[in-house]
Amino acid sequence: LLDEITTGFWKFALHRCRREKYLLGKVTVCWFSGAAVVIIAGSICAVPWIFHSLCGGACALMGMAASLFTNSRATSYFVPFLAEYLLVILSTRYFPDITILNPQCWISFGAVGLLLPLGVSALFAVMCWKLGRRRLVQ
């Protein structure tokens with residue numbers, strides 16, 4: 001989305017659909033592409049792909065929101081990694097009793113563990129929606 005905004009390509013797409021549909025499509029495709037990457041990699045490594053695909057979608061939306069916020073494509077690559085790394089460090093070194101901070105332990109919470117990546121996805125989807133609407137108006 002950031003490249004389409006900076007090059008002005010989005011102006012040509014908006015002749016075919018409204019801004020809301022355009023943004024909804026971009027956010028949805030971003031989440032599904034992050035989930036699909038994890039599903040493909042998970043099928044090779046035999047990991048629990050449902051949970052990890054939810055986390056992959058959340059990380060993809062986190063990167064999209066970061067790139068829209070900072071106007072830099074590079075932040076979309078390192079912000080999801082940095083966020084997970086900081087959560088792991090905080091939960092293992094400083095708050096070992098609060099295991100819900102550690103994304104690696106979310107799978108052990110059962111149904112609540114599946115809701116955590118969905119909640120993170122929803123939060124970043126709303127952020128992408130708000131940032132994208134503001135950028136597309138300009």
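This is a predicted model: local features need pLDDT of at least 70, side-chain atom pairs count only at pLDDT 80 or more; totals for chains, interfaces and linings use all residues.
Trainee: What makes Phe 81 exposed?

Mentor: The relative accessible area of Phe 81 is 58%, and exposed begins over 50%, so Phe 81 is called exposed.

Trainee: Why is the aromatic pair of Phe 81 and Tyr 85 called stacked?

Mentor: Rings pair if their centres lie within 6.5 Å, and planes under 30 degrees apart count as stacked; here the centres are 5.9 Å apart with 15 degrees between the planes, and the pair is therefore stacked. Phe 81 and Tyr 85 are four residues apart in helix H5, which means that about one helical turn separates them.

Trainee: What makes the pair of Trp 31 and Phe 32 edge-to-face?

Mentor: The structure holds two aromatic pairs, and in the one formed by Trp 31 and Phe 32 the distance is 5.1 Å centre to centre, with 85 degrees between the planes. Because an angle over 60 degrees counts as edge-to-face, the pair takes that name.

Trainee: Are Trp 31 and Phe 32 buried or exposed?

Mentor: Trp 31, at 18% relative accessibility, counts as buried, because the limit for buried is under 20%, whereas Phe 32, at 52%, counts as exposed.

Trainee: Why does Thr 75 count as buried?

Mentor: Thr 75, which lies in helix H5, has a relative accessibility of 10%, and since buried means under 20%, Thr 75 belongs in that class. Leaving out residues up to four places away in sequence, Thr 75 touches Ala 66, Ser 67, Thr 70 and Pro 80.

Trainee: How do you know that the span of helix H4 agrees with its number of residues?

Mentor: Helix H4 has 22 residues, 49-70, and at 1.5 Å a residue these should span 32 Å; the end C-alpha atoms are 31 Å apart, so the two values agree. Just after H4, Asn 71 takes a positive phi of about 60 degrees.

Terms used:
Residues are numbered from 1 along each chain as its sequence is written. Side-chain values use heavy atoms; hydrogens and water are left out. Helices (H or I, at least four residues) and strands (E, at least two) are DSSP runs, numbered from the N terminus. The expected span of a helix is 1.5 Å times one less than its number of residues. Buried means under 20% relative accessible area, exposed over 50%, partly exposed in between (1.4 Å probe, protein chains only). Contact means heavy atoms within 4.5 Å. Rings of Phe, Tyr and Trp (its six-membered ring) pair if their centres lie within 6.5 Å; planes under 30 degrees apart count as stacked, over 60 as edge-to-face and the rest as tilted.
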